[in-house]
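Hi,

Here is the structure I said I would pass on.

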Amino acid sequence: MSKLQLQNISKAIPFRNVKILSGITYTFSPGNIYALIGESGVGKSTLLRIVAGLDGRYEGSVVYGQTNIPKDDEVSRAAFRRGCLGIQFQNFALCENLSALDNIALPIILEDGNLSHGYALAKNLLKLLRFTSDENVCVKNLSGGERQRVAIARALVKKSPVLIFDEPTGNLDLENEKSVLSLISYATKELNSCAIIATHSTYLVNHADYVLKLSHTAEGAVLDE
């Protein structure tokens, strides 16, 4: 697996004279869990969106292996997401009118058209995440915690080399946090993926391999290990 490098990442909103991120440089290695912490509003989600190729309006470079992900080319950024990333968004970004099972299996089905494989993986992930509701119910009818587990399972289903989680356990109790961490740990240790987790959870922070803190400065948030 390749390393993911952030090289001097800075971001501002010029017309509002707001500086968000300042000179962030860091290398993420396979096989590790990285907890990204910091006050609410400091820029954790913004940094994750840049890493995921969802925001191309920044200075600096995101490099995966030997490939510099072009920030001005959405097609290339989308290809990077499809090929290398598993993502859980803070707002879940699920297909509201599809079932929990469909949402999780969809990335596999779109990739290789193998319905049985996709649904088998989805069922297994739901079981491991202690999902006890009807897996065929539309996600719009699920609770926040249930939707969160569906979003986490969707991020994990393709066994991607880079996993990005934005507050993955905010709606979950400790036992479900443990289930989530167990799966993320398996992905990093057994599949040699790299997991970057923006979190306020003490439990996740205490079990991460590295803890990175975003802190406010007048020039934008900086990253400290």
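A quick one to start with: does R81 count as buried or exposed? At 17% relative accessibility, R81 counts as buried, because the cut-off for that is under 20%. The side chain of R81 forms a salt bridge with that of E74, at 2.8 Å from N to O. E74 itself comes out as partly exposed, with 38% relative accessibility.

Before the rest, please keep in mind that this is a predicted model.

Overall picture

The protein chain has 7 helices and 10 strands. Its radius of gyration is 17 Å, close to the 17 Å that the globule rule gives for 225 residues, so the chain is as compact as a globular protein of that length. The C-alpha trace spans about 50 × 35 × 35 Å along its principal axes. Of the 225 residues, 52% count as buried. As for contacts between residues at least 6 apart in sequence, 68% of them join residues at least 24 apart.

In soluble globular proteins, nonpolar side chains tend to be buried together. Here the largest nonpolar core has 39 residues, and the members that touch the most others are I33, I104, L125, V150, L156, F165 and I184. Several elements give two or more residues to this core, among them the strands β3 (33-37), β7 (162-166) and β8 (194-198) and the helices α3 (100-112), α4 (115-128), α5 (144-156) and α6 (174-189).

Salt bridges

Side chains of opposite charge can pair when their charged atoms come close. A search of the whole structure turns up 10 salt bridges, and R81 with E74 is one I have already mentioned.

Another joins the side chains of K11 and D55, at 3.1 Å from N to O. K11 sits in strand β1 (residues 4-13) and D55 in the loop between α1 (44-51) and β4 (59-64), so this pair ties together parts that are 44 residues apart in sequence. What about burial? K11 counts as buried at 11% relative accessibility, and D55 is buried too, with a relative accessible area of 7%.

R147 pairs with E96, where the closest N and O atoms are 3.1 Å apart. That bridge links distant parts of the chain, with R147 in helix α5 and E96 in the loop between β6 (85-88) and α3, 51 residues apart. R147 counts as buried at 15% relative accessibility, whereas E96 is partly exposed at 33%. Going back to K11 and D55, salt bridges with shared partners join these two and R57 into one network.

Most residues other than glycine have a negative phi. Which residues go the other way? E167 is one of them, with a positive phi of about 50°. E167 is in the loop between β7 and α6 and is buried, with a relative accessible area of 15%. N192 is another, with a positive phi of about 65°. N192 lies in the loop between α6 and β8 and is partly exposed, at 33% relative accessible area.

Cheers

Note on methods:
Residues numbered from 1 in each chain as written. Predicted model: local features only at pLDDT ≥ 70, side-chain atom pairs only at ≥ 80, totals over all residues. Heavy atoms only, no water. Core = buried A, V, L, I, M, F, W, Y, C linked by side-chain atoms within 4.5 Å. Buried < 20%, exposed > 50% of the residue type's maximum accessible area, 1.4 Å probe, protein only. Helix = DSSP H or I, 4+ residues; strand = E, 2+ residues; numbered from the N terminus. Salt bridge = Lys/Arg side-chain N within 4 Å of Asp/Glu carboxyl O. Rg over C-alpha atoms; globule rule 2.2 N^0.38 Å. Contact = heavy atoms within 4.5 Å.
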